[in-house]
Amino acid sequence: MPAETKSIRFDPTDPIFRWVSFSAATLLLVVLGGLIASLVYGGWPALSTFGLDFFLKFKDCPAGSGAHFCIDTPWNPVTDVYSATAPIVGTIVTSFLALLFALPIAIGVAVFLTQFCPRYLAQPLSTAVELLAGIPSIVYGMWGLFVFAPWFAKDIQTPLMIAASQDPTSWVAKLVAGVPNGANLFTASIILAVMVLPYMASVFRELFRSIPPQVREAAFGIGATPFEVTTSVIIPYVKKGMIGVIMLGLGRALGETMAVTFIIGNSHRFPKSLFDSSSTIASTIANEFAEATTDLHTSALVALGLILFLITFTVLAIARWLLSSQRY
Amino acid sequence: MDRALRRKIANYIFIGLCIIGTAIALGALALILWSLFSQGIGGMNLKIFTMDTPAAGSEGGLRNAIVGSILMCGVGMIIAVVIGILAGTWLAEIGGDTAYGHVVRFLNDVLLSAPSILIGLFVYELLVFKSNPLSLGHFSGWAGAISLAILATPIVTRTTEDILNLQPNALREAGMALGASQFTTIRTIIWKAAGSGLLTGGLLGFARISGETAPLLFTALGNQFYNGDLSQPMASLPVTMFNFALTPYADLNKLAWAGALLVAVAVLAVNILGRWLARDKNSH
């Protein structure tokens, strides 16, 4: 029986499908482009009105202070003068403090789960950590507002301030000065740390698990202790990836809104101490945007958003680059 | 001997520190969950589902917020699943290896972790602010749904690409050997084989957006009253929680906790379901 030869039919659905799916992929770029364009467009009035003053505004120093320069941090919807310095500093300080608290603990959790944890515990604990990474950040924020901040104000901040009042000129006293209501830079950083902790721990765990077991076994085989295996084999093996994860965590902390807005105190000036109220870019936008009074106020908030975008974009781009160049 | 002892001690200290770190982390998270359940269950009753958000001092529930959240997440998810699966398929099956494909993949990853409040600003400029032709000129449920869609699409795209890359090439070759077109192969073989994985991606995206507050603050805004019309300002659970938590009234705070419990339980349930589906797939 002669085989029926049929030339391969041209299927018109193919190019349509290619075109439709290509458009969907392109739409993602359009959205990102639109995001940048809208932030530039919306923030332009404020940026062009204030120029460099929006980023850094100097003022005359008070007589006799002896300082060479003084930075002004106005954020005043009444007189329509805005400067982004204080929220930028607040954002960066809270994010770095949060990473400082969260990083060692996240690495500890990941090391524990991948190295020391009995097998019957490792799976449930890892799943628990991953599930907790999915809890919406507003829940962390509410816990901070209702539970953590009151406790912190009563049992930590007040005793510390009383102790420090013995010697008001000491650096400790300067560090803990503030209103003892629990809404400050430090508590906001802690809540932020608690929020990024499960996320970072679960990504670190993934990273450690990706190491070929032979590498570890070889190290154990020459008699290294678990401590030595971790510090001289595992961590160097995924060094780049770890920096990538840190940057990812930093990107999250920088842009986090709800966990911070509740308890940072939202004041637009330089925090004078660790326990002083402050604000971040995201918290300022969340608090003021829907109620912005003048066009310039709205524009200043969008310009803040543009700054946040540029910071997080840089951090995330570096993170992705490091993570993709990590061969595992 | 001395050296061996030192190494042993360093090792035990290290293990101890790791255990302490894990204990601190789990302890903090347990405290949060405990507050969530103890405070949330106190506010939980049938009225939550049958009555709308009250003014301080009067009786009420969260019905309008629950309905608003479901509507906006639902619409957002439909958009995200359609676009995300198509874009993910393009990356995995068609153009992922081209230079353009690398750019799309990279920027999708950036969009995936972009601060959600910026998505809110973008949609505000696009759909709420008066000075452009697309804009509705006022806060609306559509704006909220689109913000959520923009948040979920990169997640769906990413998981779709990952799942499709896991499908063996033999499946694609089998489709081609039968003379099926690429679209037919993808539609009837690849998507089918990856079915539960795609569903998992959708569920993870849903879990992510259902607790999002920041992008809804100035797109959907919120609404004191029951509203099923997406072209009007719309209440949502997270925004209602945010507003109520910041009031000084104990009864509204209680409702905020009840809402937080609802959202957290929903997110956990969806996450667990997604994981379970993914596991089911792997055991085949």
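This is a predicted model: local features need pLDDT of at least 70, side-chain atom pairs count only at pLDDT 80 or more; totals for chains, interfaces and linings use all residues.

Me: How do you know what confidence the predictor has in chain B?

Reply: From pLDDT, the predictor's confidence in each residue, from 0 to 100. Chain B averages 89, and 98% of the residues score at least 70. For the complex, the predictor gives an ipTM of 0.90 and a pTM of 0.91.

Me: How many helices and strands are there in chain B?

Reply: Helices (H or I, at least four residues) and strands (E, at least two) are DSSP runs, numbered from the N terminus. Chain B has 11 helices and 0 strands. The C-alpha atoms of chain B fill a box of roughly 75 × 70 × 35 Å along the principal axes.

Me: Why is helix 10 of chain B said to be largely enclosed?

Reply: A residue is buried if 20 or more other C-beta atoms lie within 10 Å of its own, exposed if 12 or fewer, and partly exposed in between, with C-beta atoms placed from the backbone. In helix 10 of chain B, 8 of the 9 residues are buried, so the helix is largely enclosed by the rest of the structure. Among them are Leu237(B), Met241(B) and Phe244(B). Of the 284 residues of chain B, 51% count as buried.

Me: What makes His268(A) buried or exposed?

Reply: His268(A) has 20 other C-beta atoms within 10 Å, and is therefore buried. Its place is in the loop between helix 10 (258-261) and helix 11 (281-288) of chain A.

Me: Which residues is His268(A) in contact with, leaving aside its neighbours within four places in sequence?

Reply: Two residues are in contact if their C-beta atoms, placed from the backbone, lie within 7 Å. For His268(A), the residues are Thr73(A), Trp75(A), Ala86(A), Pro87(A) and Ser279(A).

Me: Where does chain B touch chain A, and which helix supplies the largest share?

Reply: 69 residues of chain B are in contact with 68 residues of chain A. Helix 1 of chain B gives the largest share of the chain B side, 17 residues. That side divides into 48 nonpolar, 17 polar and 4 charged residues. Here Ala, Val, Leu, Ile, Met, Phe, Trp, Tyr, Cys and Pro count as nonpolar, Asp, Glu, Lys and Arg as charged, and the others, Gly among them, as polar.

Me: What are the domains of chain B?

Reply: Domain bounds come from an automatic or database domain assignment. For chain B that assignment gives domain 1 (2-42) and domain 2 (48-282). Their C-alpha centres lie 34 Å apart. In contact are 6 residues of domain 1 of chain B and 6 residues of domain 2 of chain B.

Me: What is the angle between helix 2 and helix 6 of chain A?

Reply: Axes are lines fitted to C-alpha atoms, for helices over the stretch in contact, and angles run from 0 to 180 degrees between N-to-C directions. Helix 2 (residues 85-116) and helix 6 (residues 185-209) of chain A pack at about 35 degrees, with their axes 6 Å apart. The contact of helix 2 of chain A with helix 6 of chain A has 22 nonpolar, 3 polar and 2 charged residues.

How values were computed
Residues are numbered from 1 along each chain as its sequence is written. Chains are lettered from A and ligands numbered from 1 in the order in which they are written.
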